[in-house]
Amino acid sequence: ISGVVAYLNVQGLRANSQKVVGTHTTLVAIDQVLSTVQDAETGQRGYLLTGQDRYLEPYEDAVAAMDRDLAILTEVTSRDPAQQANLKEVKRHVGVKMEQLTRGIEARRTGGLAAAVAMIETDRGRTAMNAIRERLAIMRADVAQQRRHRPERGGRAAQVHGPGDHGRHHVEDGEHHERRRRRSRCQPADR
């Protein structure tokens, strides 16, 4: 019986460990998308201020990385319809933001600093960036909420009762207790 208990405990720990790794991977992917957009902004800003191509390196690196970063985030959220809906909005806003960054660079190249400033003053890029931050924050909060509601043990909790239980060894199914504990943690406090 102790072998069965050990097996159940290891399976529970393995399942929980996989969920923790998945949560961490999703959070890293969310943060990476935001970081990449910010790198693009940094590169564009340096170029707009100086007019020197060498300041475009972070922008160019971000353009090269953006599709990969969005693909990773798409993959790690693929089983969550709510996250996919948020990601669809993130992608739309990223597209607008990247287009605005590119237009700003082109305006600087062809019309100088005044043309670039006029392009920035439309606020389309700022509005898109705020929307990106907002959607990614929603995605991050959703991951955090899922983590808070995850049971500390995987699925079934098993215990062996030893000599203090008059020598009887049996496996206790903790699934019912786990569901009750989970429900109580997820309920509003003002019941």
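Contact, as used throughout this note, means heavy atoms within 4.5 Å.

1. **What you are looking at.** This is a predicted model, in which local features need pLDDT of at least 70 and side-chain atom pairs count only at pLDDT 80 or more, while totals for chains, interfaces and linings use all residues. Residues are numbered from 1 along each chain as its sequence is written, and side-chain values use heavy atoms, with hydrogens and water left out.

2. **Overall make-up.** Welcome to a chain of five helices and zero strands, running α-α-α-α-α from the N terminus. Helices (H or I, at least four residues) and strands (E, at least two) are DSSP runs, numbered from the N terminus. Of the 191 residues in the protein chain, 32% are buried; buried means under 20% relative accessible area, exposed over 50%, and partly exposed in between (1.4 Å probe, protein chains only). Among contacts in the protein chain with a separation of 6 or more, 70% join residues 24 or more positions apart.

3. **The core.** A nonpolar core is a set of buried Ala, Val, Leu, Ile, Met, Phe, Trp, Tyr and Cys residues joined through side-chain atoms within 4.5 Å. The largest one here has 26 residues, and Leu70, Leu73, Val90, Val94, Leu136 and Met139 have the most contacts inside it. Two or more residues come from each of helix H1 (2-50), helix H2 (57-76), helix H3 (81-120) and helix H4 (124-148). H1 gives the most, with eight residues. In soluble globular proteins, nonpolar side chains tend to be buried together.

4. **Leu73 and Val33.** Beyond its neighbours within four places in sequence, Leu73 is in contact with Thr26, Ala29, Ile30, Val33, Leu87, Leu136 and Met139. Val33 belongs to helix H1 and is buried, with a relative accessible area of 0%. Not counting residues up to four places away in sequence, Val33 touches Met66, Asp69, Leu70, Leu73, Val90 and Leu136. Val33 and Asp67 are 34 residues apart in sequence, and their C-alpha atoms are 9.5 Å apart in space.

5. **H2 against H3.** These helices pack at an angle of about 170 degrees, with their axes 11 Å apart. Axes are lines fitted to C-alpha atoms, for helices over the stretch in contact, and angles run from 0 to 180 degrees between N-to-C directions. H2 and H3 are therefore roughly antiparallel to each other (angles under 35 degrees count as roughly parallel, over 145 as roughly antiparallel, 65 to 115 as roughly perpendicular and the rest as oblique). Among the residues making the contact are Tyr59, Val63 and Met66 of H2 and Gln84, Leu87 and Val90 of H3. By class, the contact has 11 nonpolar, three polar and one charged residues; Ala, Val, Leu, Ile, Met, Phe, Trp, Tyr, Cys and Pro count as nonpolar, Asp, Glu, Lys and Arg as charged, and the others, Gly among them, as polar.

6. **H3 against H4.** Here the angle is about 155 degrees and the axes are 8 Å apart, which makes H3 roughly antiparallel to H4. The residues of this contact divide into 12 nonpolar, five polar and eight charged.

7. Gln100 lies in helix H3 and is buried, with a relative accessible area of 7%. Leaving out residues up to four places away in sequence, Gln100 touches Gln44, Met119, Thr122, Arg124 and Gly125. Asp123 is found in the loop between H3 and H4 and counts as partly exposed, at 31% relative accessibility. Phi of Asp123 is near 70 degrees, a positive value in a residue other than glycine. Most residues other than glycine have a negative phi.
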